[in-house]
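Please give a careful account of this model, with the cut-offs behind each term stated once.

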Amino acid sequence: MKLFVFPVAPNPTRVRLFLAEKRMAGAEFEIEEVRVDLRKQEQRSPEHLARNPLAKLPVLELDDGTFLTESLAIIEYLEERIPEAPMIGTSAESRARTRELERLIEMGILRPIAEFVHATASPLGLPPDPAVAEHAREPLPRHLAIVEDRLADGRPLLMGEHPTIADCTLAAALQFGRVAGFEPAADHPNLMRWDAAYRERVSAKRILVL
Ligand SMILES: N[C@@H](CCC(=O)N[C@@H](CS)C(=O)NCC(=O)O)C(=O)O
């Protein structure tokens, strides 16, 4: 399999963190990473449009040569292909709770941060738009508050002792904020504790660059 990615871009990053967590836990698999340079607009090249007509990353090329898009679909597929070190819970309830938290983080934290960064200091060169930036921030306080509360019992990771896709999505989101010097979790002590600890993990050190 091949995974088409670009560093720091939050959606590819959450899939790469998911794989790095599996590797760190001892799972063995071969997935080649291929860079598609978003700064050079390579996502709009005919080669990439053949992989994903929406010109987005990540894309997973399966062994039969077909392409799978959408980070969560890729993660769910890889979770079934690489069941070692489960990243989406181990029971019906823990799977549902993990997905619940991951969705909340994607929709209420990752997406607003991505919109804010692209409206202020876009690495893709999009023009700044203060009104869009202001609107993008709006969902952040109430979603960050939920995560802050979740961490209040001192748990090391979002779902407890073991990493899950919720940690991957949050780490990818907060890293992308740092592209623009945007640290929306800075006044949340539990989140800052989680962030510092997560970035010390071997998995995170392999993937995160900011
Ligand atoms: N819903 C998609 C979003 C994919 C996405 O927006 N990817 C961004 C990188 S984080 C991208 O490829 N952007 C390139 C562009 O918009 O030109 C997913 O979850 O994979």
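## Helix α6 and its two sides

The face of α6 turned away from its buried side carries the exposed residues Pro141 and Asp149, where exposed means over 50% relative accessible area, buried under 20% and partly exposed in between, with a 1.4 Å probe and protein chains only. The model is a predicted one, in which local features need pLDDT of at least 70 and side-chain atom pairs count only at pLDDT 80 or more, while totals for chains, interfaces and linings use all residues. Residues are numbered from 1 along each chain as its sequence is written, and side-chain values use heavy atoms, with hydrogens and water left out. Helices (H or I, at least four residues) and strands (E, at least two) are DSSP runs numbered from the N terminus.

Helix α6 spans residues 140-150, and its buried residues are Leu140, His143, Leu144, Val147 and Glu148. They lie on the same side of α6 because they cover an arc of only 140° around the axis, the arc being that of the directions from the helix axis to the C-beta atoms. An α-helix has 3.6 residues a turn, so residues three or four places apart point the same way. The buried residues of α6 pack against α4 (92-120), α5 (130-137), α7 (165-179) and α8 (189-199), with contact meaning heavy atoms within 4.5 Å.

## Helix α8

In α8 the buried residues are Asn190, Leu191, Trp194, Asp195 and Tyr198. Seen down the axis, these residues fall within an arc of 135°, so they line one face of the helix. The cover over the buried residues of α8 includes α1 (10-24), α6, α7 and α9 (202-207).

## Surroundings of the ligand

There are 14 residues around the ligand, of which Gln43, Lys56, Leu57, Glu70 and Ser71 come nearest; a residue is near a molecule or strand if one of its heavy atoms lies within 4 Å of it. Polar contacts are pairs of N or O atoms within 3.5 Å; within protein, one atom must be able to donate a hydrogen and the other to accept it, and residues adjacent in sequence count only if both atoms are side-chain atoms. A polar side-chain atom of Arg44 lies 3.0 Å from an oxygen atom of the ligand, and a polar backbone atom of Leu57 is 2.7 Å from a ligand oxygen atom. On the side chain of Glu70, an N or O atom is 2.8 Å from a nitrogen atom of the ligand. Taken alone, the ligand exposes 520 Å², and the protein buries 82% of that, the areas coming from the Shrake-Rupley method with a 1.4 Å probe.

Glu70 lies in the loop between β4 and α3, and counts as exposed because its relative accessibility is 55%. The phi of Glu70 is near 75°, a positive value in a residue other than glycine.

## The loop between α2 and β3

Asn52 is found in the loop between α2 (46-51) and β3 (59-61), and counts as buried at 5% relative accessibility. The side chain of Asn52 reaches the backbone oxygen of Lys56 at 3.2 Å, and Asn52 also touches Val59 and Thr69 when residues up to four places away in sequence are not counted.

Ala55 lies in the loop between α2 and β3, where it is buried with a relative accessible area of 10%, and its phi is near 60°, a positive value in a residue other than glycine. Pro58 has its place in this loop as well, and a cis peptide bond, with omega about 0°, joins Leu57 and Pro58. Most residues other than glycine have a negative phi, and most peptide bonds are trans.

Rings of Phe, Tyr and Trp (its six-membered ring) pair if their centres lie within 6.5 Å, and planes under 30 degrees apart count as stacked, over 60 as edge-to-face and the rest as tilted. By this rule the count comes to 3 aromatic pairs. The rings of Phe4 and Phe67 have their centres 6.5 Å apart and their planes at 65°, so the pair is edge-to-face. Phe4 lies in strand β1 (residues 2-5) and Phe67 in strand β4 (residues 67-69), so the pair ties together parts that are 63 residues apart in sequence. Phe4 counts as buried at 3% relative accessibility, whereas Phe67, at 32%, counts as partly exposed.

Ile74 is placed in helix α3 (residues 71-81) and is buried, with a relative accessible area of 0%. Leaving aside neighbours within four places in sequence, Ile74 is in contact with Leu3, Val15, Pro58, Val59, Leu60, Leu68 and Thr69.
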